[in-house]
Amino acid sequence: MKGQSTTRREFIKQLALGALALALPNGYARSSREDKRLGVALVGLGRYSTEQLAPALERTKHCYLAGIVTGTPSKIELWQKRYGIPDRNVYSYTNFDQIANNPHIDMVYVVLPNSLHAEFTMRAAKAGKQVWCEKPMALNVSQCEAMINACRDNRVSLAIGYRMQHEPNTQTVIRYGKERTYGRVNSISAAAGFYDSRTGHWRQQKAMGGGAMYDMGVYSLQAARYCSGEEPVAVTAQQSTSRPEIYQEVDETMTFELEFPSGLLAHGKASFGMTMNSLRVNAEKGWYELEPFQTYSGIQGITSDGRRLNATIDNQQAKQMDDDALAILQRQPLLVPGEEGLRDIRVVEAVYRSARTGQRVVI
Ligand code: NAD
């Protein structure tokens, strides 16, 4: 892949060029862009698309569900009827590249198993479509770099489907860290997990990008990064399983400790075997926490001086997609661009390396 051989300096230069491409996305004339609603095609009609994203796209103001891309023909009629999708906006994974000729689709949202994120993001970029890609961005740093390069080369934007940065209580704790409302942050702990009773699922297969760290670990890792405002410099990680008959190839549970330049330590946990959903930040002059911190609704928390963090929004996914659509239409920077997904995957790679070798890994 193209990104594999890029040096650090070249890559930074490319990121800058990427930001330029983002400022001038393909196909939007200045005169008409303010009123436009972006037509979104969902790629992959699994659980997240079906239960969350498609219903959320009925509530968005700046984008709407215009098309579908699926490998399961039996789903097509139902989706067409339910969402009024015309035949011309229906694609398979095989003829997907023809989407380049479809002016009704502005945006492609990749909602496939993790191992397919890189391929479909790059195909969407080549087709000249703006791209949203679900988390985790990809399986490794070189895939992430290739995705960023493809979007830059084709002058389209790339957003990663993190929800929490768009959520108001999360935004409050991010601000506390930035403004040092409770003084310097000293330690962070974040745990994200659920009991997954499924067997034979792609989330249990290594080649598909399965594993708790990829799926849930990115939430704990993101929280450590956005609450500290720093990038980790080293990690120590351990993986464990309570159901080795199911989790033969990938981690059922991952525990990791991140070291930050200021000396701050963050403890992260991710699991498919334990239900947990909490974020706690200890600072010089107090503490604050969110519990739950990454569910689809009901994010709430408290602070050591009794503030309640209980802002509500109608629908997280609708907010995320509307924020991103509006940013593209107004040529503003995206809240969570590809570069942010890449930063996580750099750490995720180090977490896996540490768990495999039993060594502290410098990032
Ligand atoms: P899912 O298994 O329910 O759906 C995956 C879809 O991909 C299915 O429609 C399946 O048919 C299709 N597919 C295409 N090629 C496949 C292959 N080779 N093997 C298996 N399936 C294949 O998964 P999901 O829960 O909808 O997750 C999809 C993506 O969305 C993942 O990347 C996941 O991390 C992400 N996700 C994000 C959130 C969030 O809150 N941001 C929540 C859930 C899922």
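Modeller: The side chain of Thr-253 makes a polar contact of 2.7 Å with the side chain of Ser-271. A polar contact is a pair of N or O atoms within 3.5 Å; within protein, one must be able to donate a hydrogen and the other to accept it, and sequence neighbours count only through side-chain atoms on both sides. This is a predicted model, in which local features need pLDDT of at least 70 and side-chain atom pairs pLDDT 80 or more, while totals for chains, interfaces and linings use all residues. Residues are numbered from 1 along each chain as its sequence is written, and side-chain values use heavy atoms, without hydrogens and water.

Biologist: Is Thr-253 buried or exposed?

Modeller: Thr-253 is buried, because its relative accessible area is 5%. Buried means under 20%, exposed over 50% and partly exposed in between, with a 1.4 Å probe and protein chains only.

Biologist: Where is the place of Thr-253, and which residue is its bridge partner?

Modeller: Thr-253 belongs to strand β9, and its bridge partner is Ser-240. Strands (E, at least two residues) and helices (H or I, at least four) are DSSP runs numbered from the N terminus.

Biologist: How many bridges join β8 to β9?

Modeller: Strand β8 (residues 234-240) and strand β9 (residues 253-259) run antiparallel and are joined by 7 bridges. Strands count as paired if DSSP finds at least two bridges between them. β8 also pairs with strand β15 (residues 361-362), in the antiparallel sense, over 2 bridges. There, Ala-234 stands opposite Val-362 of β15.

Biologist: Let us change topic. How many aromatic pairs does the structure hold?

Modeller: There are 11 aromatic pairs. Rings of Phe, Tyr and Trp (its six-membered ring) pair if their centres lie within 6.5 Å; planes under 30 degrees apart are stacked, over 60 edge-to-face, and the rest tilted.

Biologist: What kind of pair do Tyr-176 and Tyr-182 form?

Modeller: The pair of Tyr-176 and Tyr-182 is edge-to-face, at 5.2 Å centre to centre and 70° between the planes. Tyr-176 is buried, with a relative accessible area of 3%, and Tyr-182 is buried as well, at 4%. Tyr-182 also pairs with Tyr-288: their centres are 5.3 Å apart and their planes stand at 45°, so this pair is tilted.

Biologist: Which residues do ring pairs link into a cluster?

Modeller: One such cluster consists of Tyr-93, Phe-96 and Phe-120.

Biologist: On to the ligand. How many residues surround it, and which are the closest?

Modeller: The ligand is surrounded by 24 residues, the closest being Arg-47, Asn-114, Lys-135, Arg-163 and Trp-202. A residue is counted if one of its heavy atoms lies within 4 Å.

Biologist: Which backbone atoms lie by its oxygen and nitrogen atoms?

Modeller: A polar backbone atom of Gly-46 is 3.1 Å from an oxygen atom of the ligand. A backbone N or O atom of Tyr-48 lies 2.9 Å from a ligand oxygen atom, and one of Gly-161 lies 3.3 Å from a nitrogen atom of the ligand. On its own the ligand has 850 Å² of accessible area, of which the protein covers 80%. These areas come from the Shrake-Rupley method with a 1.4 Å probe.

Biologist: Finally, the backbone. Which residues does a cis peptide bond join?

Modeller: Lys-135 and Pro-136 are joined by a cis peptide bond, with omega about -15°; Pro-136 lies in the loop between β5 (130-133) and α5 (141-153). The bond from Glu-291 to Pro-292 is also cis, with omega near 0°, and Pro-292 is in the loop between β12 and β13 (301-303).

Biologist: Which residues other than glycine have a positive phi?

Modeller: Arg-180 has a phi near 55°, and Arg-331 has a positive phi of about 55°. Arg-180 is in the loop between α6 and β7 and is partly exposed, with a relative accessible area of 49%. Arg-331 is in the loop between α8 (316-329) and α9 (338-357) and is buried, at 17%. Most residues other than glycine have a negative phi, and most peptide bonds are trans.
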